[in-house]
Amino acid sequence: SLLPESDRTAFHLLIGRLLWKWSTADELDAYMFITAYQLHRGSSLISSRDERVALARLSLVAGETASSMSSFLPASAFLCAGIRLMDDEDWQNDTRGLCFDLYNLCVEMEYVVGDFD
């Protein structure tokens, strides 16, 4: 690989942020999965709550979109990744609906793919 292992996470986050920032609405629709994937690859470096919540919202949209295309396994992956971005506190504030939507659709996708754990 051309990039040292230690720099890869930050590089993925940078790519995702740039895609998200500079894409038009149409481009973001077209490249939503790539953008979300890159951001999730670097999500361990996200310290801002607002950015984590925004990525969780993008993950929900990506999960809903994948589900509507009958791509249940990728939908489950995006939704589970979105759930991992949320804290226990998020159930107590304005992001409660987001938490509920992520968990609800994630459980549905895991049922569809036969992941009962």
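Which residues make the nonpolar surface patch of about 550 Å²? Keep that in mind while loading the model, which is predicted.

**Stop 1: the surface patch**

Select Leu73, Tyr111, Val112, Val113 and Phe116 and show their side chains; together they make the patch. Then colour helix H6, residues 96-113. H6 gives the most to the patch, with three residues. Pick out Val112, which lies in this helix. Val112 has a relative accessibility of 42%, so it counts as partly exposed.

**Stop 2: the nonpolar core**

Next, go to the largest nonpolar core, a set of 25 residues. Start with Leu79, Leu98 and Leu102, the residues with the most contacts inside this core. To see where the core comes from, colour helix H3 (32-41), helix H4 (49-68), helix H5 (72-84) and H6, the elements that give two or more residues to it. H4 supplies the largest share, seven residues. In soluble globular proteins, nonpolar side chains tend to be buried together.

Now centre on Leu98. Leaving aside residues up to four places away in sequence, Leu98 touches Val53, Ala56, Arg57, Leu60 and Met86.

**Stop 3: a cysteine pair**

Select Cys80 and Cys106 and show the sulfur atoms. The cut-off applied for a disulfide is 2.5 Å between the sulfur atoms. Cys106 is likewise in no disulfide, with the sulfur of Cys80 as the nearest cysteine sulfur. The structure as a whole holds zero disulfides.

Check the cover of each residue in turn. Cys80 counts as buried because its relative accessibility is 19%, and the limit for buried is under 20%. Cys106 is also buried, with a relative accessible area of 4%.

**Stop 4: Thr35**

Finish in helix H3, where Thr35 has its place. Is Thr35 buried or exposed? Its relative accessibility is 0%, so Thr35 counts as buried. To see what surrounds Thr35, select Gly16, Leu19, Trp20, Leu28 and Leu58. Thr35 touches each of these residues, with those up to four places away in sequence not counted.

Definitions and conventions. Residues are numbered from 1 along each chain as its sequence is written. This is a predicted model: local features need pLDDT of at least 70, side-chain atom pairs count only at pLDDT 80 or more; totals for chains, interfaces and linings use all residues. Side-chain values use heavy atoms; hydrogens and water are left out. Patches are made of residues with over 30% relative accessible area and no salt bridge: like charges are joined within 9 Å, nonpolar side chains (Val, Leu, Ile, Met, Phe, Trp, Tyr) within 5 Å. Accessible areas come from the Shrake-Rupley method with a 1.4 Å probe; for residues, only the protein chains shown count as cover. A salt bridge is a side-chain nitrogen of Lys or Arg within 4 Å of a carboxyl oxygen of Asp or Glu. Helices (H or I, at least four residues) and strands (E, at least two) are DSSP runs, numbered from the N terminus. Buried means under 20% relative accessible area, exposed over 50%, partly exposed in between (1.4 Å probe, protein chains only). A nonpolar core is a set of buried Ala, Val, Leu, Ile, Met, Phe, Trp, Tyr and Cys residues joined through side-chain atoms within 4.5 Å. Contact means heavy atoms within 4.5 Å.
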